[in-house]
Amino acid sequence: MMTVTQQFLTIAAVALATILTRFLPFLVFRSDRPTPKYIQYLGKHLPLSVFALLIVYCLRNVEFTGGTFGVPELIGIAVTVALHLWKRQMILSIAGGTLIYMVMVQAVFV
Amino acid sequence: MTAKAIKAAFPHTVPILAGFLFLGLTYGILMNVSGFPWYYPTIMALTIFAGSVEFLTVNWLLSPFNPLQAFLLTLMVNARHIFYGISMLDRYKEVKGLKRLYLIFGMCDESFSINYTTDAPEGIDKGDFMTAVTILNHSYWVAGSTLGGIFGSVLTFNTRGLEFVLTSMFVVIFLEQWLKQRNRSSAWIGFLVSAACLVLFGADKFIIPTMIGILGVLTLLREPISRRDAS
């Protein structure tokens, strides 16, 4: 268990890194000069790759070759996607997917 | 900052009000059931204001002290903000002083999406409008997190599996982006490189190789991908 000081240093590190990612472009690319073409290209295509990475990151500890074979996670994701394609309501999709997952790990795959 | 700007911005932020109260509540509850006092989620919501890494920070606070790793992982996870900033260079250009600093500080996914796509109504200063959007979003997030932190302790239902809300949120953000973008090569690149690096480097060490890999593949395939953009 961390001490309170260590906890606050951890929080400060996370806050500082977040601030850095938000301020960096404004420090590097001055607004009076055009943004380089390569950076514009990355700005257009990086987001979709990064969101794909974040989904994989959330599933990194799921055991697909044993245990529950990742079934609760796959069902949770399928329900989230289906709800979202149907209603396009962010809150409904997230709440629905999470609820199904909770039912799965609490009642079905115990 | 005027009351008029807040009034004009509010309708645009209603979906975020609902989303942030729900996600913030979940995050506050998660902090509470992990054994932290109620003001921890408040302080983190105020100073970090980046939902996904705040959820990750819950794990880091429960692990051995390693602020450098928390710093580097946050840089990786929030690297996408760099690209929001690039897109906002123009729109934030005319805003000066403290307002400008706050706009950049508060540029989470949702503030970015609204401020990037919405124009201020007639008679309302652009900078004031964007600042109002950001302040509203920030306060929803702080309110939700604080409520969760306080009421998590009186919670009597089984919260096992609640952390899936994060996965679900990223799936929705991904899907939104996927539906908006016609050229989806970068999605496949993201999935394939992440999966390959996960297998090669393992769950604890795959993020940095994946970031490098994605940058590398996107750079190598710049010609064909740009050609598909144009067609």
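How many helices and strands make up the secondary structure of chain A? In this predicted model, local features need pLDDT of at least 70, side-chain atom pairs count only at pLDDT 80 or more, and totals for chains, interfaces and linings use all residues. Residues are numbered from 1 along each chain as written, chains are lettered from A and ligands numbered from 1 in the order written, and side-chain values use heavy atoms, without hydrogens and water.

Chain A has four helices and zero strands (DSSP runs: H or I of at least four residues for helices, E of at least two for strands, numbered from the N terminus). The order along the sequence is α-α-α-α. The radius of gyration of chain A is 20 Å, whereas a compact globule of 110 residues would have one near 13 Å (taken over C-alpha atoms; the rule is 2.2 Å times the number of residues to the power 0.38). The C-alpha atoms fill a box of roughly 60 × 45 × 30 Å along the principal axes.

Chain B meets chain A through 96 residues of chain B and 68 residues of chain A (contact: heavy atoms within 4.5 Å). Between them, about 7700 Å² is buried, 77% of it from carbon and sulfur atoms (accessible area, 1.4 Å probe, lost by two parts on being put together, summed over both). Phe65(B), Leu89(B) and Phe164(B) supply 9% of the area that chain B buries against chain A, more than any other three residues.

Two salt bridges cross the interface of chain B and chain A (side-chain nitrogen of Lys or Arg within 4 Å of a carboxyl oxygen of Asp or Glu). Glu176(B) and Arg88(A) form a salt bridge at 2.8 Å, N to O. Helix α9 of chain B (residues 164-180) gives the most to the side touching chain A, with 16 residues.
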